[in-house]
Amino acid sequence: MNLTVHGIGPPSRPFEPGEQDTWVTVEQFEQVLDAVAGRPDVRLTFDDGNASDVEIALPRLRERGLVAEFFVLAGRLGEPGRLDADGVRELVAAGMTVGSHGWAHRDWRRLDAREAGEELGEAHRVLSELTGRPVTRVAIPFGSYDRHVLRRLRLAGVTRAYTSDGGRARPDAWLQARTSLRHDLDAAWTRRVLDGRPSPLARARSFAARTVKRLRG
């Protein structure tokens, strides 16, 4: 199970459309961390490169001995409410992994040639220089992909791509489904997501939806 965290605590910048749905309180975040501590079958990922990644998430992860993967918007480093270069370095120094969420939070199904160069080339270069190691993993913005996006990612040398498809994923799969934390989550939501087993019908629907995404375009 892959969980995605976006923003935590009082927002320090204006919300983008729909972003408030995946912004959680500090208390909600801590509840999830306590539930996943000691669970090797759960991965924690963070999207968007929000300042709360370092200010709120990092100390709480370290208190519980947890590691996570942070997917950063390279073109928005240093903007108000976002991580800056020192924040990225702090994550790496603390043993966290940094990947790319692209350059400017664009829909990767609708990129022109210049934008594709920024999202899948320049972003990786900037983050690799900051972290001192190759950045080869991505989180697809908005979970929006098709066969053309997946082909571009493979050509760009991406070794793992995370989506927003929800549900479980095989540990070694190249394409990894994730479930986003929501503003209305509670203990029951967390238990259901972490320990629930979807029905055969739900699994079939999920498989069909993912297959359509992989083949469309």
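Me: What should I know about the model and its numbering before I start?
Reply: This is a predicted model, in which local features need pLDDT of at least 70 and side-chain atom pairs count only at pLDDT 80 or more, while totals for chains, interfaces and linings use all residues. Residues are numbered from 1 along each chain as its sequence is written, and side-chain values use heavy atoms, with hydrogens and water left out.

Me: How many helices and strands are there in the protein, and what makes a stretch count as one?
Reply: The protein has seven helices and eight strands. Helices are DSSP runs of H or I with at least four residues, strands are runs of E with at least two, and both are numbered from the N terminus.

Me: How do you know whether the radius of gyration agrees with that of a compact globule?
Reply: The radius is taken over C-alpha atoms, and the globule rule is 2.2 Å times the number of residues to the power 0.38. For 217 residues a compact globule would come near 17 Å, and the protein has 17 Å, so the two agree. Along the principal axes, the C-alpha atoms fill a box of roughly 45 × 45 × 30 Å.

Me: Why is T45 called buried?
Reply: Buried means under 20% relative accessible area, exposed means over 50%, and partly exposed lies in between, with a 1.4 Å probe and protein chains only. T45 has 1% relative accessibility, so it counts as buried. T45 is found in strand β2, residues 43-47. Of the 217 residues of the protein, 50% count as buried.

Me: What makes the link between T45 and R178 a polar contact?
Reply: A polar contact is a pair of N or O atoms within 3.5 Å; within protein, one must be able to donate a hydrogen and the other to accept it, and residues adjacent in sequence count only if both atoms are side-chain atoms. The side chains of T45 and R178 make such a contact at 2.9 Å. Leaving aside neighbours within four places in sequence, T45 is also in contact (heavy atoms within 4.5 Å) with residues including L3, E69 and Y162.

Me: Why are the buried residues of α6 said to line one face of the helix?
Reply: In α6, residues 187-195, the buried residues are W189, T190, V193 and L194. Seen down the axis, they fall within an arc of 115°, so they line one face of α6; the arc is that of the directions from the helix axis to the C-beta atoms. An α-helix has 3.6 residues a turn, so residues three or four places apart point the same way. The face turned away from the buried side of α6 carries the exposed residues R191 and R192, whereas the buried residues pack against β1 (2-5), α1 (26-36) and β8 (179-180).

Me: What puts the buried residues of α3 on the same side of that helix?
Reply: In α3, residues 85-93, the buried residues are G87, V88, L91 and V92. They cover an arc of only 140° around the axis, which puts them on the same side of α3. The face turned away from them carries the exposed residues D86 and A93. At the start of α3, a side-chain oxygen of D84 reaches to within 3.3 Å of the backbone nitrogen of D86.

Me: What makes a group of residues a nonpolar core, and which residues have the most contacts inside the largest one?
Reply: A nonpolar core is a set of buried Ala, Val, Leu, Ile, Met, Phe, Trp, Tyr and Cys residues joined through side-chain atoms within 4.5 Å. The largest has 42 residues, and those with the most contacts inside it are L3, I8, L44, F46 and L61. Two or more residues come from each of β1, α1, β2, α2, β3, α3, α4 and α6. A second, separate core of 14 residues includes W108, A116, Y145 and L150.

Me: How do you know whether D48 and F142 are buried or exposed?
Reply: D48 stands at 4% relative accessibility and therefore counts as buried, whereas F142 stands at 51% and therefore counts as exposed. D48 lies in the loop between β2 and α2 and has a positive phi of about 90° although it is not a glycine. F142 is in the loop between β5 (137-139) and α5 (147-155), and its phi, near 60°, is a positive value in a residue other than glycine.
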